[in-house]
Amino acid sequence: MSATTTAATRRPPPWRDVRVLRLAFQALFLVGVIALVLFLLDNLVFNLRRLGIETGFDFLDQPAGFAIPDSDFRSTQSVQDAILQGARTTLAVALVGIVLATVLGIVVGVARLSPNWLMRRAAALYVELFRNVPVLLIIVFLYLAVFLRLPPIGRAIEWVDVFVLSNRGLVVPSLRATGSTGPFLVVVALALAAAAAAWIWRTRRFDATGEPHHRVLWAFGVLLVVVALGFLATGRPYGLSLPERGDLGVANGFRMAPEYAALLFGLVLYTASHIAEIVRGSILAVSRGQAEAADALGLSSFQRLRLVVLPQAFRIMIPPLANQYLNLLKNSSLGIAISVYEVTKVTRVSIAQGAPAPQSIGILMLVYLVFSLAIALVTNLVNRRLALP
Amino acid sequence: MRVRTIGLATLATAALLLAAGCSLGDDDDDNGGEAAPTGTETTTTTTGGGATGNVLAAVQNRGTLNCGVNEAVPGFGFVSEGGEFEGFDIDFCKVVAAAVLGDPDAVEYKPLTAEQRFTALQSGEIDVLIRNTTFTASRDGSEGANFLTTTFYDGQGMMVREDSDYQELEDMEGATICVLSGTTTELNLESQFQARGVSYTPLAFEDNDPLQQAFQQERCDGWTSDKSQLAGIRSNWPDAQGGPDALRILEVTMSKEPLGPVVRDGDDEWGDAVNWAVIATLQAEEFDISSENIDEALESDDPEVQRFLGQPVEGEPFDAGLGLPADFAVQVIREVGNYEEIYERNVGADSALELERGINALWTDGGLHYPPPYR
């Protein structure tokens, strides 16, 4: 009797077996989701056809027709190339923005904890001001009220060929290849390897003997000397391209357009105010005993911050920082308000010039998804490396 | 037991979705001219019955016309100081509303940017787009748009500051030129400068406001747009910036820009209704019927005029089968006016824009407007 009960408990009929039911419901749910997606897609394609709108992706190979300033893109190139060019601009804004926002955020965040009253208050004012204003407003304000108000090109501010500043952009000297650059690039690679070797040597020496390693100084010194010697030895393959002001613009040099600058600085100022709070919170989260131990060891206040507090604070701040980086990337789409040709702007112009909207928006979403996942991947790797075992 | 109920519900939902997928598709198949995938009228007017002009019926049921317009071009479509929409294009929204609904004020104006307009039309957010939109092949072909009678024959021009040396496009080598993005002018700018071998930097904005700021601050050297729009902007140029005399529009005409109302593809009856409402203003000018003398015209003995105004000829009012009231032309003329009145009121020689009729005159005066006969 008891044996049959056990057998029945072990093997109930399939319609009462929890494992079977679970699988069945999951399969049903999956079918439901797939059916919904298929239905929506079918509905979309059907309606697009009925409205006489293209349903495929052939439009990507059509000539774009419009021009993109400050790029090598020509209007005869395809829509696909235009979107790629836009993605490059988005990436340029996001990467430079992330670096600058991180540096500014850490500085402000540390300043908020400064014993100096003025510095602490100034940092707090900055954070409260920029954290509580919409980023679009900051960007538009910077563009209309700051960068457009710079003097027009006819009255540009110039300083002995080093920079030309007007509302057509800031132009600084750039490098220009004057000869064959191949051998020099090889030398640069060698210099980097030598610098790395110097770094490792100094670290080992420090570990072995305990004498100060000065590895940053050593590595940079080696790098500079090798690059400088290589530059002379390979016949000076690069020259300076100095800005020359004309009536309508500046020739030569490297130019930062006011639109790009307004977007970049708007995003940096806004994101840095959030990062500063993350930095402050992370530093406060490091146990007070750690700082006291550092004091007891006789470390200076800078050493205490650099060697004891910040390394532990970094571990806490990486995940929320990643969020801010993703926000910065996505906020770069606000560049459309001030005519920055990043990927959202280019996609919208393509749509207005005849590219079908659903497919174009789909591609746009894919671009942001790829960028976001890349940022998440990098920050996760850093997070894993910093995590305590 | 509970788990099983949920499972059945899931199954039922999935089946329902599949069934809905098929049946909705079939429904749409029947209504060749159905409005839009997301429009609300889709659900209210699924009467079936072939291409029976669903938008016309929807507008008449709703009692208002959704008209996609511009809000930033003086003379054509802008918001006045009193908060009213005014302009040449706005008056044609009123013309359509007067013809279809008998009330020129039964219009819901939907201000749109150049980049939004076709999406708004495709999605059914608006019934008709009257927003200085150029008739082009690719828009007709791939934007799902149906272009109707041209209301304004325009051409692309270039506006520069009075104190600059520019006389023609060839002088503009290296210049920065501001343009609205998502327009035909953006494409013409590129092809015209390329054809002339003149290099330039385009700066394309979504809105006229930041564009105007950029031009005022000398961020760009030229502003290209339709000549009529440039004239409107010039006429409204702030006195602090030197007023209209601070600006100059170059002689060159860079393109053909026929502007007119646009409706969605696939609803011919609605297209016909809008089209003939517009043609009525031209026909009225040709017959010399205006809002002033419409009552006298109703008494006219001329059978052509009688037919046009929907008055009984030999006992029966003429019905062209457009789905409009027989006397729609009377409503249009009485409430809004004929083409000449609309033109002079908004953009003509006495308005701030001071545009001559030029090619926008009737064919009888050497212009391009040639209304098809109403019979």
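Here is a friendly conversation about some helices, strands and contacts in this predicted model.

The model is predicted, so local features need pLDDT of at least 70 and side-chain atom pairs count only at pLDDT 80 or more, while totals for chains, interfaces and linings use all residues. Residues are numbered from 1 along each chain as its sequence is written, and chains are lettered from A and ligands numbered from 1 in the order in which they are written.

Trainee: In what order do the 4 strands of the open sheet in chain A lie?

Mentor: Strands here are DSSP runs of E with at least two residues, and helices are runs of H or I with at least four, both numbered from the N terminus. Two strands pair if DSSP finds at least two bridges between them. The edge strands, pairing on one side only, are β1 (157-159) and β8 (254-256) of chain A. With antiparallel pairing, the order is β1-β2-β3-β8.

Trainee: Which residue of β2(A) stands opposite A:Glu158?

Mentor: β1(A) and β2(A), residues 163-166, run antiparallel and are joined by 3 bridges. They form a hairpin with 3 residues between them, and A:Asp161 in the turn has a positive phi of about 65 degrees. Opposite A:Glu158 stands A:Val164.

Trainee: And which residue is the bridge partner of A:Leu165 in β3(A)?

Mentor: β2(A) pairs with β3(A), residues 169-172, in the antiparallel sense over 3 bridges. This hairpin has 2 residues between its strands. The partner of A:Leu165 is A:Leu170.

Trainee: Which residues make up the uncovered face of β2(A)?

Mentor: In a regular strand the side chains alternate between the two faces of the sheet. In β2(A), the covered face has A:Val164 and A:Ser166. That leaves, on the uncovered face, A:Phe163 and A:Leu165.

Trainee: Is A:Val188 buried, exposed or partly exposed?

Mentor: A:Val188 sits in helix α6 of chain A, residues 182-209. A residue is buried if 20 or more other C-beta atoms, placed from the backbone, lie within 10 Å of its own, exposed if 12 or fewer, and partly exposed in between. Because A:Val188 has 16 other C-beta atoms within 10 Å, the answer is partly exposed.

Trainee: How do α4(B) and α10(B) lie: roughly parallel or roughly perpendicular?

Mentor: Axes are lines fitted to C-alpha atoms over the stretch in contact, and angles run from 0 to 180 degrees between N-to-C directions. Helices α4 (88-101) and α10 (268-286) of chain B pack at about 110 degrees, with their axes 9 Å apart. Angles under 35 degrees count as roughly parallel, over 145 as roughly antiparallel, 65 to 115 as roughly perpendicular and the rest as oblique. Therefore α4(B) and α10(B) are roughly perpendicular.

Trainee: Which helix gives the largest share of the side of chain A that touches chain B?

Mentor: Two residues are in contact if their C-beta atoms, placed from the backbone, lie within 7 Å. On that basis the contact takes 42 residues from chain A and 46 residues from chain B. Both α2 (18-50) and α11 (343-352) of chain A supply at least two residues of that side. The largest share, 15 residues, comes from α2(A).
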